[in-house]
Amino acid sequence: MSMLIDAPATDFTCDLAAVDRLRSHLNAALCGKSDVVDQVLTCLLSRGHLLIEDKPGLGKTTLAKAVATGIGGRFARVQCTPDLLPSDITGFNIFNQKTQEFEFRPGPVFSDVLLADEINRATPRTQSALLEAMAERQVTVDAVGHRLADEFFVIATQNPTEQHGTYPLPEAQLDRFSMKVSIGYPGHSAEMDMLRAAVQPDSDNGHDSERLLEEGQLKRIQTEVSQLYVAEPIHDYLVRLAAATRSHPHIVLGLSPRGILMWQRAAQARAFLDHRGYVTPDDVHDVAVPVLSVRLGIDHDDYSTTIGELLQSVSVPEYRLPQSAELDEK
Amino acid sequence: MRLEISATRSRLLQDGVVALALLAGAGFCVADADGNRSTLVVSLVIALQSAVTIAGNLYFRRIKKHFKEVPALSPLLLAVMVGSYLWEPFARWALGSGRPFETLVIFSLKNVMLAMAAAACWGRYGVWALFSSLFVALFSAAATSSPTVQTLTALYAAGGVVWLTIAYWEMLRGRLIASDRHRTFSRHWIAGGVLAAILLLAAGGLGENSVASSIQGWLPSSGGTGEHDPFSRNGVGDGEAVVAGTENITSFAPIDDAPFLQDDKPSLYDVFDEMYEEAVPPTNQDRAVALPPEMASRIKEHLHTRTEKASREFSTLRQSTERGRKVDDIHSDALFYVAGRTPLHLRLEVYDVFDGVTWYPTPDEEYQPMIAMTSRGGRNWADVRKFSEALECFQGPESHAIKVVNLDTNRIPAPLHLTGVHIGDVNRADMFGWAQDGVVRMQRDRLPTLAPIHLSSSVLDRTLLEESSLSNGLSRDTYRSLITSDDMTRIERLAEAWVEGVPSGWPQVAEIERRLRETYQLDPHAVASDEETLPVAQFLFEDRRGPDYQFATAAAVMLRSLGYPTRVVSGFYADPQKYDRRSRHTAVQKDDVHFWVEVYLGVTTWATIEPTPGYEVLAPPPGVLGRVLNAIVALGGWIAANAVWVIVGTLLAVGLYVRRFDLLEFALTLRWRLASSADPRRLALATWGLVEWRLNTCGWRRPDGWTARKWLLAEESADLPATTGMRELAGLVDWAAFAPVDSPSLSERDVVPLCRRVVRESSRKNLRRAEGRPGAWTRLVSLRRRLPGSAIPNPAHS
């Protein structure tokens with residue numbers, strides 16, 4: 001099948017190859033979790049930020065580090081605690097005695113991949129500072145704006161089980177994340193592989209030194225993804241889906257316009273990962289759960305069932321000749 | 001405007017608007033013709049306007065893409081409207097036909113409506129076409145009562161309801177969350193219901209047939225249906241409110257220019273002579289001697305004073321004469337018309353004294369009870385009740401109306417248990433008088449022609465008489481008198497033999513009637529051949545066949561010999577066979593002249609006895625159950641009459657229904673083959689359409705929110721016999737539907753073989769075989785049902 005439809009609109013073969021390399025690199029870092037890797041890549045290519053909701057020790061940091069090395073960027077990590085201040089994240093001005101001037105000390109946000117561990121332990125004030133940086137890709141310290149890196153990619157984690165002393169992210173803040181995924185426990189064979197790999201003598205992070213993407217290539221790929229072709233029926237389908245989320249009895253907060261834009265972008269990234277030059281309804285379906293679960297106010301915990309219901313309730317676009325094709329023939 | 005949005009969006013709704021407009025337009029054409037144009041011409045006009053509208057619709061749809069906004073079509077609509085008006089002078093000048101003004105206005109509106117329906121792809125025009133079609137349909141329904149228009153209006157109403165329902169659901173689509181449960185009717189039941197409705201329509205709704213008339217009158221309307229209903233409003237010929245036929249032409253019977261104004265109107269006696277040959281003077285004069293002296297004197301008196309018009313004796317001795325024409329050779333005009341239930345015995349002359357050959361009429365009553373005028377429902381009715389309802393065997397009221405066209409008499413032909421007479425504006429009681437016992441006449445030379453004479457009467461329910469015994473006490477002996485002769489003695493013995501063992505009273509009367517009806521044959525032109533014996537004895541013992549007056553005479557003589565007061569009555573028989581279903585009346589012609597017998601029940605009440613086979617006595621009106629039974633009997637009769645066609649048609653229909661998908665598959669695959677285009681996109685989409693249709697008809701349905709790929713690959717649809725080819729096709733279809741048009745096109749070489757392969761391997765036969773599913777017959781018999789609520793197809797493996 002793929003030989004028939006591998007016909008992307010523009011020539012970005014080397015970008016595809018780079019993404020495939022990145023994908024295998026992440027797969028090597030995180031054993032047996034290719035679907036999670038795909039979701040992370042989708043999020044990265046769609047220029048969004050990722051929220052990982054999972055228990056400790058499942059490889060969140062490993063994944064974030066692997067992403068950072070893969071795209072050849074700087075990696076920073078913030079362990080969120082209640083006493084973390086906004087300036088601990090954004091950076092602050094200090095007075096330089098030599099130059100008799102204030103100079104800016106950049107915080108961890110001035111990196112390419114930022115891992116914000118247990119983000120729900122930070123106070124709302126700190127959370128909002130981080131979220132502003134995520135949305136605007138710049139921070140303002142003492143009325144001076146500082147631009148962040150173009151590839152700036154946040155992986156935030158939160159632990160769903162321990163709720164004591166946490167400040168759950170409000171829905172408005174959650175909307176700034178592009179996706180929410182959970183890694184989950186690896187399968188039996190994946191864990192066996194992991195254990196075997198751990199006792200190998202040369203196992204010590206051999207794979208995280210190499211840089212897989214060229215300078216500026218991620219940005220180029222992200223631009224290509226954002227320009228990937230989306231047919232008119234797909235737009236219509238997305239709008240109908242969004243309308244359905246707003247009238248669903250179990251969804252308290254429907255999909256925002258920002259959410260629908262992110263959904264489309266994620267579907268584009270998904271098509272790109274599939275080496276396809278156009279979005280299909282299947283792409284929309286594939287990214288629906290991570291995109292929607294982060295931003296829909298669903299009044300019970302069974303996200304995937306509700307989202308599955310939602311997808312079933314809206315009819316997919318009909319398979320018919322594109323109108324522009326009809327016009328062309330006339 | 002919600003309606004507009006819906007009408008714009010859905011192609012189905014646009015088609016619905018066109019269909020409704022065409023229905024309304026067709027209805028108008030039929031109403032416009034008003035029966036003055038042949039069916040062929042009307043059908044041609046309808047076909048033409050439908051074709052033009054559909055062609056226009058297709059054209060507008062094609063050019064719709066080039067318009068961003070709704071185009072201004074008002075010049076076109078204006079041209080259609082003006083053109084419709086300009087057509088009128090041309091039609092009057094060139095074709096010699098025209099329309100009245102109000103019809104012309106609607107004609108113009110109809111054309112504008114059709115033009116707007118053609119442009120229904122723009123919601124605005126669709127909605128206005130719909131509104132105007134409603135108006136046109138209502139106009140057509142009000143303008144005429146043609147059954148075609150009624151059918152079209154009913155179809156229009158049904159279509160409108162369906163359209164509105166679809167519009168509503170289209171509006172809700174996308175706003176609603178599909179619930180888990182789907183309520184599905186079995187398609188077999190729906191199909192069966194449609195078939196039954198069509199059958200019912202064919203049997204009862206359309207055309208003039210016996211099934212339709214047997215269920216008539218369940219709900220009499222206010223307009224000239226001829227049925228009696230106290231709740232109907234002032235209309236023509238309905239309920240208590242009647243309008244004289246001279247005032248309203250639609251009441252019934254001939255219209256003004258019908259050829260009835262002849263001078264030589266036959267009287268009852270001319271009709272007798274024409275019908276029964278001429279009377280001959282009997283040679284055997286002795287019979288009168290046998291009569292009691294007072295009766296003989298009455299005969300003498302009668303013969304002296306007889307008049308030309310009425311109260312003439314009737315001789316049962318007739319002779320065949322060579323005449324040029326016979327009654328049944330010629331097409332005779334109706335003498336008068338009867339509206340109301342038939343069969344009906346309309347009495348004109350009553351006979352009591354019988355001298356063995358000749359019946360002498362009862363003398364006009366000397367004591368003439370006052371006829372009072374009473375007002376019922378604002379109409380003047382002459383109260384002419386002459387019987388007592390003390391017997392409690394009457395039902396009614398029954399109403400009839402007669403309109404005299406061609407009968408020269410001043411007696412009113414009326415049923416036996418007459419209770420009232422009403423003629424238009426006649427409000428004076430002295431216009432009416434009594435002729436003979438129970439026969440009402442008008443105090444003038446002849447009945448008014450063409451004025452409807454309304455009669456109200458009661459109907460005797462003969463089934464209620466079974467228990468009641470007849471009273472023998474009676475005022476006049478003449479109803480029991482018989483001459484004494486050998487023949488009479490024979491007849492008397494025969495009568496006694498017939499009723500032997502039958503309890504006396506009504507059962508004996510009924511037995512005599514039954515015997516005569518069953519063992520003797522009607523021969524209207526038989527005459528007595530032997531002059532020595534009495535004609536009635538010849539009829540009874542030798543010929544065993546004869547005309548109706550011999551039956552009546554025989555019955556009267558036999559009943560009298562058993563002691564029951566009996567009289568012979570002549571008049572007319574309104575034959576149900578001559579009921580004209582279109583004008584809802586029965587014509588009474590010369591050959592409907594008839595003789596029958598009345599027997600005395602007691603308390604001044606008589607009952608009609610019909611000894612002649614082939615003639616029936618009016619029974620009380622059937623109840624609801626009776627009507628249903630009549631309808632069933634009529635339907636059964638129709639089915640029996642067309643048994644071969646019904647069986648062939650049913651078998652064919654069932655066969656087609658069972659094999660419908662196979663036939664459709666053949667047609668669709670053929671279409672796919674013929675329409676396979678070189679364009680890989682079109683080919684892929686057409687192939688997928690065919691494959692999905694096949695899967696659907698085999699019981700696998702793609703859930704609403706599922707894409708083709710998901711459906712074919714999902715674990716839940718593991719029982720789907722999806723092949724690799726199909727899965728490849730699903731990817732191809734995604735490309736065909738959603739890839740940019742300028743993307744590198746796939747070559748025909750890759751697509752065509754795949755599509756061919758998929759079409760071949762996904763034939764319904766293969767699909768069923770892959771699943772080991774039962775054939776169509778087995779499935780129909782087992783009537784298997786799908787589990788409700790399963791979004792995932794769940795074909796039962798029986």
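Two strands pair if DSSP finds at least two bridges between them. With that in hand, welcome to a few close-up views of this predicted model.

**View 1. Chain A at a glance.** Of its 330 residues, 43% count as buried. Among the contacts in chain A that join residues at least 6 apart in sequence, 78% link residues at least 24 apart.

**View 2. Helices α2 and α3 of chain A pack together.** Here helix α2 (residues 13-29) of chain A meets helix α3 (residues 34-45) of chain A at an angle of about 135°, and their axes are 10 Å apart. On the α2(A) side, look for A:Val19, A:Leu22, A:Arg23, A:Leu26 and A:Asn27; on the α3(A) side, look for A:Ser34, A:Val37, A:Val40 and A:Leu41. Sorted by class, the residues of this contact are 6 nonpolar, 2 polar and 1 charged.

**View 3. A parallel sheet in chain A.** Five strands come together as an open sheet in the order β2-β5-β8-β1-β9, with parallel pairing. At the edges stand β2 (75-79) and β9 (179-181) of chain A, each with a single partner strand, so one side of each is left without a neighbour in the sheet. Neighbouring strands of this sheet are turned by 20° against each other on average, direction ignored. Follow β2(A) to its partner, strand β5 (residues 113-117) of chain A: the two run parallel and are joined by 5 bridges. A:Phe75 is a handy landmark, standing opposite A:Val113 in β5(A). The helix α3(A) from the previous view returns here, lying across β1 (50-53), β8 (153-158) and β9 of chain A and running at about 165° to β9(A).

**View 4. Helices α13 and α14 of chain A pack together.** Helix α13 (residues 288-295) of chain A and helix α14 (residues 303-313) of chain A have axes 10 Å apart and pack at an angle of about 115°. The two helices, α13(A) and α14(A), are therefore roughly perpendicular to each other. The crossing of α13(A) and α14(A) is right-handed. From α13(A), A:Ala288, A:Val289, A:Leu292 and A:Ser293 meet A:Tyr303, A:Ser304, A:Ile307 and A:Leu311 of α14(A). This contact of α13(A) with α14(A) has 6 nonpolar and 2 polar residues, and no charged ones.

**View 5. An antiparallel sheet in chain B.** Now we move to chain B, where 8 strands form an open sheet in the order β7-β8-β10-β13-β9-β4-β18-β17, with antiparallel pairing. The edge strands are β7 (372-376) and β17 (579-580) of chain B; each has a single partner strand, so one side of each is left without a neighbour in the sheet. Inside this sheet, strand β9 (residues 394-404) of chain B is joined by 8 bridges to strand β13 (residues 452-460) of chain B, and the two run antiparallel. B:Gln395 stands opposite B:Val459 in β13(B).

**View 6. Strand β8 of chain B and its partners β7(B) and β10(B).** Strand β8 (residues 379-383) of chain B runs antiparallel to β7(B), with 5 bridges joining them. B:Thr374 stands opposite B:Trp381 in β8(B). The hairpin of β7(B) and β8(B) has 2 residues between the strands, and in it B:Gly377 takes a positive phi near 55°. With strand β10 (residues 418-423) of chain B, β8(B) pairs in the antiparallel sense over 2 bridges. There, B:Asp383 stands opposite B:Gly420 in β10(B).

Notes: Residues numbered from 1 in each chain as written. Chains lettered and ligands numbered in written order. Predicted model: local features only at pLDDT ≥ 70, side-chain atom pairs only at ≥ 80, totals over all residues. Axes fitted to C-alpha atoms, helices over the stretch in contact; angles between N-to-C directions. Helix = DSSP H or I, 4+ residues; strand = E, 2+ residues; numbered from the N terminus. Parallel < 35°, antiparallel > 145°, perpendicular 65-115°, else oblique. Left-handed = near helix turned anticlockwise from the far one by under 90°. Contact = placed C-beta atoms within 7 Å. Nonpolar A, V, L, I, M, F, W, Y, C, P; charged D, E, K, R; others polar. Buried ≥ 20, exposed ≤ 12 C-beta atoms within 10 Å, placed from the backbone.
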